[in-house]
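Hi,

Here is the structure I promised to pass on to you. Have a look at it first, and then read my notes below.

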Amino acid sequence: MADRPVKQPKGYSVRTLPGFAVLALFTFFALYAPITILVAYSFNAGTSLAIWEGFSLRWYYQAAANEAVQDAAIRSLYLAFSAATIATIAATMAALATTRTRHFPGKTMIYALINQPLMVPEIVTAVALLIVFAAVKVWTGHTSMIYLIAAHTAFCVPFAYLPIRARLETMDTSLEAAAQDLYASPWMTFRRVTLPLMWPGIVAGLMLAFVISLDDVVITEFVKSAGQDTLPTYMLGQLRRVVTPEVNAISTVILVAGAILVTLFFRLTSRRG
Amino acid sequence: MSEMGATPYPPGELEREARAADTRRRWLLSLPALVIIIFAAAGPLLVMVVYSFLTPGDYGNVKWQFSLEGWTNTIVQRDIFDDTLIWADAHLSIFWRSLSLSLITTLLTLIFGVPTAWFIATQPPGKREFWLFLVTVPFWTNLLVRTIAIQELIRSEGVINLVLLKLGIIDAPLQMMFTDFAIGFGMTYVYLPLMVLPVYAAVDKLDFRLVEAAHDLYASRWTAFRRVILPLIKPGIIAGSILVFIPCLGAYVTPRVLGGGKNLMFGNLIELQFGQGRNWPLGAALSLMLMVAVMVALIWYVRVTSREQADGR
């Protein structure tokens, strides 16, 4: 350090690049500005989307009183809850089967199939499901929520699987071996040792699956039968007509709910050990 | 190995049977997940392959009659007057829009994403998580909501026009909605985090002593960036580019909301065949084309990232 040529002024750092910090800070601003404006205008008292006429919760009341919104909200939550729960149970079992093991025949294939929904563009899966479910609907005459639940469960599985698998891979088998040495049955070992240890991963997986299901537009749009709008597809339909600040109010609620879940998710997954 | 040596039995039949039982158990445990995915994701894709070789029905759906027209119609069509084959110009222009907008979006996310990733990675270690979190949260919030936010910004009565009018820069609102610009702008906004995260990972691993060495050898900041930093973080840049390019190519919601009915992208062209177009085999063939394009990009991505991991060791 001492005999370095004096070419470099004080505070010279190889880590700064001209203009990068400015561009980066602009990017952060640009990431949050549109969302902030959307949220701000949801509290606008006026009908216009552009002119600020004072603070009001008017659009929230209007959205909450709108029966179509109520139905869509309840349907979204019901769908996300069912799909996330089933997907998390299936993903937990699959994660137990595919981690902490030697290579067994078909392991790669199981892994590829579980991740398959991530590999294909949503619009492609959506029309494929439209084709198959349209035939099944005609054939059985049955048009309940079961199709939506099945479709959502399928694309939630890989999202639930990832954090559970990550959690399992940080656990070694010595505690389970100790339990078995102490004459615990396999079920007892699972319930009292494995399950509590992998619990944070399971909760994280459940939350991620829930968020992913709640956010879905494309697959829902193609699979839903008449009168099965979720909150996102309801909003997509509204955009075709005239946009009212009511959509902003619903968007804000979805944003806040999503942000809370994601923050919790990060809290759960970043705390190691 | 030592355990095997300790067993009193020869490592033959008994062990093989135990292994087979273990494999069976693991398959059984994975079964629910596999059944769900085969029934509601992977299986329907196979059915779609069959549908792409059938004849369109009069009111949508298909007739069970073999035909290659679903595939040929993706790029050529019959002239309605003299029955000759001509290029399907409408489709070709949509393919071109998808490709060019995806490339432009990738480029824009690079311009904004690389400095952002650099900025985060050069923060003191304690602060990095906070900045990373700021990038990640928008990504996990609803895509439709973020697209609506962009719509609010660029509508004729939107915030951008409002500000420009107030400042007297323009006299009449700019028409930004329902243009290719709107789609590119929206996709850049929506997919930017996908660029930042892999580039961040690459910069984070960068050995800054190499950059110092370049400076010691009288390289300017720009030369050091171009000759030392860029080659070292290239895998992250390629990974980020593919991660942005793939969802752009298959985008449906953003072009539908911001592009309107005229400026279609690949995803919207597919939808059209199942709606007004009433040509399911063509829609199926287009979907499979898109899927193959995305698969090729994904395989490239896997190769890049696995090479990167190999280099890291």
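Contact means that the C-beta atoms of two residues, placed from the backbone, lie within 7 Å. Where pLDDT is low, the predicted coordinates should not be read in detail. Chain B as a whole averages 89, with 95% of the residues at 70 or above. For the complex, the predictor gives an ipTM of 0.89 and a pTM of 0.89.

Some housekeeping: this is a predicted model, where local features need pLDDT of at least 70 and side-chain atom pairs count only at pLDDT 80 or more, while totals for chains, interfaces and linings use all residues. Residues are numbered from 1 along each chain as its sequence is written, and chains are lettered from A and ligands numbered from 1 in the order in which they are written.

Now for where the chains meet. The contact takes 69 residues from chain A and 68 residues from chain B. On the chain A side, helix 1 of chain A gives the most, with 12 residues. By class, that side has 57 nonpolar, nine polar and three charged residues. (Ala, Val, Leu, Ile, Met, Phe, Trp, Tyr, Cys and Pro count as nonpolar, Asp, Glu, Lys and Arg as charged, and the others, Gly among them, as polar.)

Take a look at A:Ala154, in helix 6 (residues 146-170) of chain A. Is A:Ala154 buried or exposed? A:Ala154 counts as buried because it has 29 C-beta neighbours inside 10 Å; the cut-offs are 20 or more other C-beta atoms within 10 Å for buried, 12 or fewer for exposed, and partly exposed in between, with C-beta atoms placed from the backbone. Leaving aside neighbours within four places in sequence, A:Ala154 is in contact with A:Pro117 and with B:Ile36, B:Ile37, B:Ala40 and B:Ala41.

Last, helix 10 of chain A: its buried residues are A:Leu231, A:Pro232, A:Thr233, A:Met235 and A:Leu236. Their cover includes helix 6 (143-154) of chain B.

Cheers

Note on methods: Helices (H or I, at least four residues) and strands (E, at least two) are DSSP runs, numbered from the N terminus. pLDDT is the predictor's confidence in each residue, from 0 to 100.
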